Amino acid sequence: MKVAYVFSSPNSQKILKNMIIPQIMEDRHGVEVVGMFFFMDNTFFLLNGTEMGESLQKLHEKTGLLLMACDQCAYERGIADQIIPGASIGCFPHLYASLGSIGVDQVITL
């Protein structure tokens, strides 16, 4: 099964850092994660030079999964030009187009 995550809650850091990232890196997550979309302050997770950013970049390099920050969220926070190389910014039409070509079975919002 192919899944994509949308991170919008304040609990996203704990879930990513302690559960999702380690499970994917150790090939024990149970599904193929093909994309992650970050909203509001969660866009800071994609900052280059941060621990979370580095972890997400390694995850992208290992799996090729899509990493995308909400464009308006990134612009409002002044970080659009500071995200990791493996990530992009966009809005829902960009996300739909990117994930549509991959074939997602389920989208999970956390």
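Select Arg 77 and Glu 76: their side chains meet in a salt bridge at 3.5 Å, N to O. The term salt bridge here means a side-chain nitrogen of Lys or Arg within 4 Å of a carboxyl oxygen of Asp or Glu. This is a predicted model, in which local features need pLDDT of at least 70 and side-chain atom pairs count only at pLDDT 80 or more, while totals for chains, interfaces and linings use all residues. Residues are numbered from 1 along each chain as its sequence is written, and side-chain values use heavy atoms, with hydrogens and water left out.

**Stop 1: the salt bridges**

Colour by accessibility while Glu 76 is selected. Glu 76 counts as exposed because its relative accessibility is 59%; the cut-offs are under 20% relative accessible area for buried, over 50% for exposed, and partly exposed in between, with a 1.4 Å probe and protein chains only.

Helices (H or I, at least four residues) and strands (E, at least two) are DSSP runs, numbered from the N terminus. Asp 41 is partly exposed, with a relative accessible area of 49%. Shared partners join Asp 41, Glu 76 and Arg 77 into one salt-bridge network.

The structure has four salt bridges by this rule. One of them is between Arg 28 and Glu 26, with the closest N and O atoms 2.5 Å apart. Arg 28 is partly exposed, at a relative accessible area of 48%.

**Stop 2: Asn 42**

Go back to the loop between β2 and α2 and select Asn 42. Is this residue buried or exposed? Asn 42 is buried, with a relative accessible area of 7%. Its side chain reaches the backbone oxygen of Phe 7 at 3.2 Å, which falls under the polar contact rule: a pair of N or O atoms within 3.5 Å, where within protein one must be able to donate a hydrogen and the other to accept it, and residues adjacent in sequence count only if both atoms are side-chain atoms. Leaving aside neighbours within four places in sequence, Asn 42 is in contact (heavy atoms within 4.5 Å) with Phe 7, Ser 8, Ser 9 and Ser 12.

**Stop 3: the aromatic rings**

Show the rings of Phe, Tyr and Trp. They pair if their centres lie within 6.5 Å, using the six-membered ring of Trp; planes under 30 degrees apart count as stacked, over 60 as edge-to-face and the rest as tilted. The structure holds seven such pairs. Phe 38 and Phe 45 are edge-to-face, because their ring centres are 6.2 Å apart and their planes are at 85°. Both residues are buried. Phe 38 and Phe 45 also belong to one aromatic cluster with Tyr 5 and Phe 7.

Then select Phe 39 and Phe 92, a tilted pair at 5.6 Å centre to centre with 45° between the planes. Phe 39 is in the loop between β2 and α2 and Phe 92 in helix α4 (residues 92-102), 53 residues apart. Phe 39 is buried at 17% relative accessible area, whereas Phe 92 is partly exposed at 35%.

**Stop 4: the nonpolar cores**

A nonpolar core is a set of buried Ala, Val, Leu, Ile, Met, Phe, Trp, Tyr and Cys residues joined through side-chain atoms within 4.5 Å. Which residues of the largest core touch the most other members? Select Leu 16, Ile 20, Met 36, Phe 38, Leu 46, Leu 56 and Leu 67, out of 22 residues in that core. Two or more residues each come from β1 (2-7), α1 (12-25), β2 (32-38), α2 (51-63) and β3 (66-70). Helix α1 gives the most, with five residues.

Centre on Leu 56. Not counting residues up to four places away in sequence, Leu 56 touches Leu 16, Ile 21, Met 36, Phe 38, Phe 45, Leu 46, Leu 67 and Ile 84.

**Last stop: the whole chain**

Zoom out to the cartoon. There are four helices and five strands, in the order β-α-β-α-β-α-β-α-β along the sequence. Of the 110 residues, 43% count as buried.
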